[in-house]
Amino acid sequence: MFLVNQINSRYPLTVIIVATLVFGLPAPIRTQGEADVPDRQRAFLLFEQSKFSEAIPLLEKVIAADSKDVVALERLGWSLFVVSASNKDPQQRKAMRERARQLLERSTQLGGGSELSRAGLEALSGPDPAEVKLSAVPEAEEAMREGEEAHTRGELDQALEAYQRALKLDPKLYLAALLAGDMYFKKGYQASDPARKRELMTLAGEWFSRAIAIEENAETAYRYWGDALMYIGERDAAKLKFIEAIIAEPYKRRPYVGLTQWAQRFRVGLSHPEIAQPKASITSSQRQDGGTTLTIDPKMLEPKNTPAFYWSFYDLHRSTYKSAGFQKDHPGEKEYRHSLKEEASALAVVAQIVSRDREAGKVTTLDPSLENLIKLHQAGLIEAFVLFVRPDDGIARDYSAYRKANRDKLRRYWTDFVVHDTNSRN
């Protein structure tokens, strides 16, 4: 099942532009007595081979025989969407996209609602990809369109040649390298000889590596490379590529798909450290004279080495940071925002005070949240935790700069704290 899921996750350039590519979840072929089984089987095989143009008339017959075939509705909608991009007539293309949307919505209404349907509807809500310019080099643009058309017909060798030609014409064209790798992946999936499969998947990885060299902060090439490694049994290497996809673009949904499916396949747990805080015991308000008034819960003044006592220092730090710390840490910004520095330093203060009291024997047992916080602090990964678990609009603005200087810490946060992989050989 996993391998079928993987091949259905690879779709043409059309989808990469507007929906980034997803993992479709195919249903099993139905048994005799339902729809026209030979047509359905053939249509699904063509779909999985990326021969969308050939699949459409067969899928139309399946839908005519059974208008409630959820999977056929979904695949027909997706095929029409993909093929529409190569239609040169704007009105026909618009009509195809509209019918694709209706079919995907119908599939969802009947209980489908797979990742494939969601991605298709998301893509169809955006701009027409046929009108999106891919390269400033006209010859490279033409080659990419040639590759797209060959891809929709399932002509992988022709598509591969076109994408490779586009990259030669425009060496900074990320999509060309990405899709060349994807063609090798699909060729590898279709190969029958195990040695040939591995060879082709290795070639796919080389092209995904080229894409990453062009743009290291786009998630798709990492995720595709993880797929290829999974296919040839490189379990741990695949995990690392899926983690890199998340690090590249953590505030989108797609990057998490690869690691989630990897964990499901190998029955590995995924969970962030749990850090729960009690209700704030200190609040601040700005006075008319520009000063700050702090309102303190009287219970905070009774130190009992409780979790609430320790977390009060988080509240105190944040209450004073807005007026005293933000401008110092962000001299180039005129207006206050919640920042990585503020959140991470507030958590670090708590970790430091708890650690000090435990070393002094003032506290012997801690609740799990404080234990987790100390572990993160000792590992130097509080910032990574904040960026992945507690980001708001303000904190997210600090991600790119932190990633540039601390990619290794972001990676280590996932391998050491999130992926509970007892069988890893990394």
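**Aromatic pairs and a helix contact**

Modeller: A search of the whole structure, which is a predicted model, finds 17 aromatic pairs.

Biologist: How are the rings of F47 and F52 arranged?
Modeller: Their planes stand at 85 degrees and their centres are 5.5 Å apart, so this pair is edge-to-face.

Biologist: Are F47 and F52 buried or exposed?
Modeller: Both F47 and F52 are buried.

Biologist: And what kind of aromatic pair do Y413 and F417 form?
Modeller: Y413 and F417 form a stacked pair, with 15 degrees between the planes and 6.2 Å centre to centre.

Biologist: Where do Y413 and F417 lie?
Modeller: Both lie in helix 21, which covers residues 399–418. They are four residues apart, or about one turn of the helix. Y413 and F417 are both buried.

Biologist: Which residues form an aromatic cluster?
Modeller: One aromatic cluster is formed by Y251, Y256, F388, Y399, Y413, W414 and F417.

Biologist: Changing topic: at what angle do helix 13 and helix 14 pack?
Modeller: Helix 13 (residues 235–248) packs with helix 14 (residues 255–266) at an angle of about 150 degrees, and their axes are 7 Å apart. That angle makes helix 13 roughly antiparallel to helix 14, since an angle over 145 degrees counts as roughly antiparallel.

Biologist: Is the crossing left-handed or right-handed?
Modeller: Helix 13 passes helix 14 in a left-handed crossing.

Biologist: Which residues make the contact?
Modeller: On helix 13 they are R235, A238, K239, F242, I243, A245 and I246. Helix 14 contributes P255, Y256, G258, L259, W262 and F266.

Biologist: How many of those are nonpolar, polar or charged?
Modeller: The residues of this contact divide into 10 nonpolar, one polar and two charged.

Biologist: Let us look at P255. Where is its place?
Modeller: P255 is in helix 14.

Biologist: Is P255 buried or exposed?
Modeller: P255 has a relative accessible area of 1%. Buried means under 20%, so P255 is buried.

Biologist: What does P255 touch, leaving out residues up to four places away in sequence?
Modeller: With those left out, P255 touches E219, F242, A245, I246 and E249. Among these, F242, A245 and I246 also belong to the helix 13 side of the contact with helix 14.

Biologist: How many residues apart in sequence are P255 and E219?
Modeller: They are 36 residues apart in sequence, while the C-alpha to C-alpha separation in space is 6.1 Å.

Conventions:
Residues are numbered from 1 along each chain as its sequence is written. This is a predicted model: local features need pLDDT of at least 70, side-chain atom pairs count only at pLDDT 80 or more; totals for chains, interfaces and linings use all residues. Side-chain values use heavy atoms; hydrogens and water are left out. Axes are lines fitted to C-alpha atoms, for helices over the stretch in contact, and angles run from 0 to 180 degrees between N-to-C directions. Helices (H or I, at least four residues) and strands (E, at least two) are DSSP runs, numbered from the N terminus. Angles under 35 degrees count as roughly parallel, over 145 as roughly antiparallel, 65 to 115 as roughly perpendicular and the rest as oblique. A crossing is left-handed if the near helix is turned anticlockwise from the far one by less than a right angle, and right-handed if clockwise. Contact means heavy atoms within 4.5 Å. Ala, Val, Leu, Ile, Met, Phe, Trp, Tyr, Cys and Pro count as nonpolar, Asp, Glu, Lys and Arg as charged, and the others, Gly among them, as polar. Buried means under 20% relative accessible area, exposed over 50%, partly exposed in between (1.4 Å probe, protein chains only). Rings of Phe, Tyr and Trp (its six-membered ring) pair if their centres lie within 6.5 Å; planes under 30 degrees apart count as stacked, over 60 as edge-to-face and the rest as tilted.
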